Amino acid sequence: MRADEYKNLKIGITHGDFNGNSYELVLKTLNDSNICETITPVFFGCSKLVSYFRNYFKCADFSFTPVKQNEVTHNKPNLYNIFNEEVKINLGEITEQAANLATLSMTRAQNAVSSKMVDALVCCPAHQSMLKETSPNHKGSGSYFVHKLQSTRSMQILCNDYIKLTAATAKVDYEELCKLLTVDYLFEKIKTLHRIMYYDFMISSPKIAILATNSIDDNGKFVCGKIEKIIEEATELAVQNKIQAFGPYLPSTFFNNNEYQKFDVVMTITDQQADTIFSLLHGKDGVVYTSGLPFVITEPYNLVGQDAGDCQSFRSSLYLANDITRNRRENYRLRKNALGRDNYSAEKSNNTVERNNNSSERKKGSSEGNSTIS
């Protein structure tokens, strides 16, 4: 292992909506010196805003190390200053300047991770209306990068200590859903989710549960509609391809009986269903991981009515970005070593065959020579 691999990973942080709670989350979280024992945070923010909010939130003893010439100081909170002009603060309001700076912070952060100045990104909260380029079919800051990078295999995983949840579609209209959802479509989603669990979460044989969309009838019996039959066929196809995917499960009994604890990840059909379930299962500590991109992106899961100063979700986002990035690198190292061993074995086998062939030729030549002499 190289010496630089022992260093903390550099986790970039976008500053989101500065009129919201983003600066509060960053300052209060990074004010804990224990954070820098695990990661090296790089905040893509504005020095003038940092000065203002340090006084506002009484964090006068906290300070950033400025990033100069793209050089990051390890084991210290770093500030990459994105804007030097005056900033007008209107707390609680969505302003054009706040929207522009939110986008600017994300652009600077993307450039930094692409140039390997930082290793992964954590996005502070920003209202969807502020990110004008974001696809309307996605939610959250991570979707800004999905749309910008035109990723077709991205899935948003809702994570906390209790459960991992994702959705097969963003559709909530039943007629549109029935047109979109096919056995092949769902099977592709299952395969993608299996890869995410394997490569990003280091789960060697992940178990996937898929929830039904229909409920029970007046007699208390499970209603198996068109979507549930698609789930059945897709899971059968998955099992045939050695993927442990099972369903459909009725949500009420699945969670009332704690069946979800037997699975590594749960897939719902719509994101509305996933959001509802996750918010009821300690969502305030949750993280949204946007997969399928060249780099790792996480963000805190926001609940309506949640204390704006609750930093646990943001702290978890930092640690998860760190963990998944390390998992990806470890998997890459293992695959590279395995490929090297395979190439070595193949080369060794070819050399052995070549030596045997040469030996046979020499014996044949010797035999022919003896025959000629005699």
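Mentor: Helices (H or I, at least four residues) and strands (E, at least two) are DSSP runs, numbered from the N terminus. This is a predicted model: local features need pLDDT of at least 70, side-chain atom pairs count only at pLDDT 80 or more, and totals for chains, interfaces and linings use all residues. Residues are numbered from 1 along each chain as its sequence is written, and side-chain values use heavy atoms, with hydrogens and water left out.
Trainee: What follows helix 9?
Mentor: His282 does, and its phi is positive, near 55°.
Trainee: Which residues are buried in helix 9?
Mentor: Asp271, Gln273, Ala274, Ile277 and Phe278. Buried means under 20% relative accessible area, exposed over 50%, partly exposed in between (1.4 Å probe, protein chains only).
Mentor: They cover an arc of only 155° around the axis, so they sit on the same side of helix 9. The arc is taken from the directions from the helix axis to the C-beta atoms.
Trainee: And which exposed residues does the face turned away carry?
Mentor: Gln272 and Leu280.
Trainee: New topic. How many aromatic pairs are there?
Mentor: The structure holds 21. In Phe254 and Phe263, the ring centres are 5.8 Å apart and the planes at 40°, so that pair is tilted. Rings of Phe, Tyr and Trp (its six-membered ring) pair if their centres lie within 6.5 Å; planes under 30 degrees apart count as stacked, over 60 as edge-to-face and the rest as tilted.
Trainee: Are those two buried or exposed?
Mentor: Phe254 and Phe263 are both buried.
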